[in-house]
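Work through these exercises with the structure open beside you. Try each task before reading its solution.

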Amino acid sequence: MNDSKCKESGIMINKNTTDWNEVWKQQMSLQNRSQHAVDCAAIWDKKENAELFLKMFQGKGSERIENTIKDLPLTPESRVLDIGAGPGTLAIPLAKKVSHVTAVEPSPGMGSVLQDQIAENEIDNIRYVHKRWEDIDIEADLDAPYDVVIASYSLGMPDIKEAVRKMEAASSKYVYTYWFAGETSWDINFRALWPSLHGIEYHPAPKCNVLYNVLYQMGIYPNITVIPFEHAHKFSSEEEANEHFKSYFNITEQRQEAILGDYLKDHLEEDDDSIILKGSNTRVKIWWKKGCDHNEQ
Ligand SMILES: C[S@@+](CC[C@H](N)C(=O)[O-])C[C@H]1O[C@@H](n2cnc3c(N)ncnc32)[C@H](O)[C@@H]1O
């Protein structure tokens with residue numbers, strides 16, 4: 001114990017700093033346990049889920065993608081690493097602007113939609129690597145270094161410090177991460193339903209406050225932009241919505257289907273010829289330029 005007492009004020013100063021990577025690990029492990037090991041990547045194993053995710057960011061929803069790409073330091077010569085590329089939401093438009101994109105994506109459903117998108121858009125400068133970031137060997141699996149390394153809403157990684165170390169090692173200039181601040185709409189939905197569906201409390205994934213502190217302890221002092229965000233899951237029918245959310249809510253029994261059905265009935269809204277579930281969350285862009293002194297604490 002390194003507690004010391006400031007004699008004059010009598011204030012206890014705790015010199016033991018919290019290990020924020022341990023906080024991340026614990027919160028991630030609690031979340032995985034509460035989701036019955038439905039991890040961040042596993043949700044996207046079903047191709048239909050991956051297709052719906054892509055649809056959310058096409059047409060009216062494409063603003064997020066346009067804004068994200070507009071803010072990146074890209075040139076036609078840039079080489080980009082997209083970690084957790086999903087169905088290619090960013091990788092496809094990025095590939096049209098830069099010389100090369102390596103897209104790392106572990107989920108079979110997302111990977112399959114990404115490959116469809118590469119073919120549909122006749123893109124020949126994306127390399128798809130079907131792995132989790134934590135299983136990537138930079139030398140063997142990638143074409144590092146990259147000018148820009150991006151991890152966009154894909155930080156479902158058990159050891160974030162190690163993941164960031166690897167992002168830095170793969171980058172020659174910039175690292176851009178995107179994550180969440182505060183409670184998201186799915187946290188609210190899960191929190192409401194978890195006890196009746198699964199008999200346990202729901203624990204959310206660690207948020208950007210933990211990430212910031214991990215970076216700080218690594219000697220990385222990043223830039224942060226807060227991005228309020230509203231989105232809508234779009235379905236052609238209530239049945240389609242029920243079916244879609246079954247895997248999100250890890251539903252395996254009829255009893256649970258009925259609970260979810262009742263909840264969705266109360267929350268789904270009609271919108272033109274579709275049925276939508278609105279959501280909102282606060283997102284953050286956390287980025288830094290490589291090469292500042294990193295004095296790990
Ligand atoms: C919400 S999607 C985001 C997709 C895309 N980056 C975007 O911004 O639209 C999250 C993606 O991260 C991937 N992912 C989750 N955990 C990962 C990990 N440990 N390593 C690499 N990718 C991961 C998931 O499979 C999923 O495709």
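## Exercise 1: Helix 2

What covers the buried residues of helix 2 includes helix 5 (108-120) and helix 10 (238-248). The model is predicted.

**Task.** Find which residues of helix 2 (residues 47-56) are buried, and decide how they are arranged around the axis.

**Solution.** 
1. Asn-49, Ala-50 and Leu-54 are the buried ones in helix 2.
2. Look down the axis of helix 2: its buried residues fall within an arc of 140 degrees, so they line one face of the helix.
3. An α-helix has 3.6 residues a turn, so residues three or four places apart point the same way.

## Exercise 2: Lys-47

**Task.** Classify Lys-47 as buried, partly exposed or exposed, and list its contacts beyond four places in sequence.

**Solution.** 
1. Locate the residue: Lys-47 is in helix 2.
2. Count neighbours. Lys-47 has 17 C-beta neighbours inside 10 Å.
3. Apply the cut-offs: 20 or more means buried, 12 or fewer means exposed. Lys-47 therefore counts as partly exposed.
4. Leave aside residues within four places in sequence. Lys-47 is then in contact with Gly-109, Ser-112 and Val-113.
5. Ser-274 is 227 residues from Lys-47 in sequence, and 21 Å from it in space, C-alpha to C-alpha.

## Exercise 3: Arg-64

**Solution.** 
1. Arg-64 sits in helix 3 (residues 63-70).
2. It has 19 C-beta neighbours inside 10 Å, so Arg-64 counts as partly exposed.
3. Not counting residues up to four places away in sequence, Arg-64 touches Phe-57 and Phe-229.
4. Now take Thr-89. Arg-64 and Thr-89 lie 25 residues apart in sequence and 9.7 Å apart in space, C-alpha to C-alpha.

## Exercise 4: The ligand shell

**Task.** Which residues around the ligand come nearest, and how does the shell divide by residue type?

**Solution.** 
1. There are 22 residues around the ligand.
2. The nearest are Gly-84, Gly-86, Thr-89, Ser-152 and Ser-154.
3. Sort the shell: twelve residues are nonpolar, seven polar and three charged.

## Exercise 5: Helix 7

**Task.** Work out which residues of helix 7 (residues 160-170) are buried and what they pack against.

**Solution.** 
1. The buried residues of helix 7 are Ile-160, Ala-163, Val-164, Lys-166, Met-167 and Ala-170.
2. Around the axis they cover an arc of only 160 degrees, which puts them on the same side of helix 7.
3. Their helical packing partners are helix 1 (20-34), helix 6 (138-141) and helix 9 (208-217).
4. Strand 3 (79-83), strand 6 (146-152) and strand 7 also pack against them.

## Exercise 6: Cores and overall form

**Task.** Describe the largest nonpolar core, then the protein as a whole.

**Solution.** 
1. The largest nonpolar core has 56 residues. Ala-91, Val-149 and Ile-150 have the most contacts inside it.
2. Strand 7 (residues 171-181) supplies the largest share of this core, six residues.
3. Follow Ile-150. Beyond four places in sequence, its contacts are Val-80, Leu-81, Asp-82, Ile-83, Leu-90 and Tyr-176.
4. A second, separate core has eleven residues, including Tyr-202, Phe-235, Ala-241 and Leu-260.
5. Step back: the protein has eleven helices and ten strands. Its radius of gyration is 21 Å, close to the 19 Å that the globule rule gives for 297 residues, so the protein is as compact as a globular protein of that length.
6. Of the 297 residues, 33% count as buried.

Technical notes:
Residues are numbered from 1 along each chain as its sequence is written. This is a predicted model: local features need pLDDT of at least 70, side-chain atom pairs count only at pLDDT 80 or more; totals for chains, interfaces and linings use all residues. Helices (H or I, at least four residues) and strands (E, at least two) are DSSP runs, numbered from the N terminus. The radius of gyration is taken over C-alpha atoms; the globule rule is 2.2 Å times the number of residues to the power 0.38. A residue is near a molecule or strand if its C-beta atom, placed from the backbone, lies within 6 Å of it. Ala, Val, Leu, Ile, Met, Phe, Trp, Tyr, Cys and Pro count as nonpolar, Asp, Glu, Lys and Arg as charged, and the others, Gly among them, as polar. A nonpolar core is a set of buried Ala, Val, Leu, Ile, Met, Phe, Trp, Tyr and Cys residues joined through C-beta atoms within 7 Å. Two residues are in contact if their C-beta atoms, placed from the backbone, lie within 7 Å. The arc is that of the directions from the helix axis to the C-beta atoms.
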